Amino acid sequence: CLFSLASTVFINPLYRGTGVLTQNGLSNTIRSFDSSDGKRWVMEDSMVQSFAFMNGKPSLTGIYAYPQLQIWSPTHANPEIYNRYAHVNFVFDRDASKNIPTHLEMGGADHFGVFTEPCSEFMKISNVGYIVTSGKFDKKDAPCSQLVQRVTFPTTTFNIYKISL
């Protein structure tokens with residue numbers, strides 16, 4: 001028992017609390033946005049997939065404990081992909097010369113990605129208002145996007161874009 005306690009005391013949330021997740025620059029910034037408009041958030045980076053939801057914002061990314069047929073079936077994807085418990089992440093096209101249709105792809109038994117354009121009809125129908133990404137959008141790739149905040153960590157900078165569709 002003492003060995004278990006000693007080996008986990010500095011990593012187990014029961015001992016350290018959740019402040020490392022809830023009291024950091026990204027979480028504080030997400031909470032600072034007004035959510036009265038009901039706009040949803042999406043995260044392009046899997047390491048922060050649940051940060052918007054965790055900070056009280058409506059989100060399309062994160063972990064779904066049961067299938068969300070009403071969200072994903074409009075993409076006309078194979079139900080084998082979204083009819084499951086899953087981690088959901090977005091992957092945005094950054095090539096202005098192409099316009100990819102929104103589609104879902106399996107990334108693993110419990111992961112799928114939503115591949116889309118930042119200004120796609122799917123994003124509009126889904127009421128997405130914010131994108132968090134460690135990447136950048138050029139105006140020609142995402143004319144509906146506006147960089148509203150940058151949050152810098154020692155190894156990564158997250159960009160928060162407001163989407164106007």
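What follows is a short tour of this predicted model.

First, some ground rules. Residues are numbered from 1 along each chain as its sequence is written, and side-chain values use heavy atoms, with hydrogens and water left out. Since the model is predicted, local features need pLDDT of at least 70 and side-chain atom pairs count only at pLDDT 80 or more, while totals for chains, interfaces and linings use all residues.

I start with the sheets. Helices (H or I, at least four residues) and strands (E, at least two) are DSSP runs, numbered from the N terminus. Two strands pair if DSSP finds at least two bridges between them. In general, strands of a sheet pair through backbone hydrogen bonds, either parallel or antiparallel.

β4 and β5 (residues 111–116) run antiparallel and are joined by five bridges. Within that pair, His 103 is opposite Phe 115 of β5.

The other open sheet I will show also has four strands, ordered β1-β6-β8-β7, with mixed pairing. Its edge strands, β1 (40–43) and β7 (145–152), each pair on one side only. On average, neighbouring strands here are turned by 20° against each other, direction ignored. Four bridges link β1 to β6 (residues 128–133) in the parallel sense, and Met 43 has Val 132 in β6 as its bridge partner.

Now a single residue. Is Ser 27 buried or exposed? Ser 27, in helix α4 (residues 25–32), is buried, because its relative accessible area is 0%. Buried means under 20%, exposed over 50%, and partly exposed in between, using a 1.4 Å probe and protein chains only. The Ser 27 side chain also makes a polar contact with the side chain of Asn 55, at 3.1 Å. A polar contact is a pair of N or O atoms within 3.5 Å; within protein, one must be able to donate a hydrogen and the other to accept it, and residues adjacent in sequence count only if both atoms are side-chain atoms.Last, the pocket: β2 gives the most to the lining of the largest pocket, with three residues.

How values were computed: Axes are lines fitted to C-alpha atoms, for helices over the stretch in contact, and angles run from 0 to 180 degrees between N-to-C directions.
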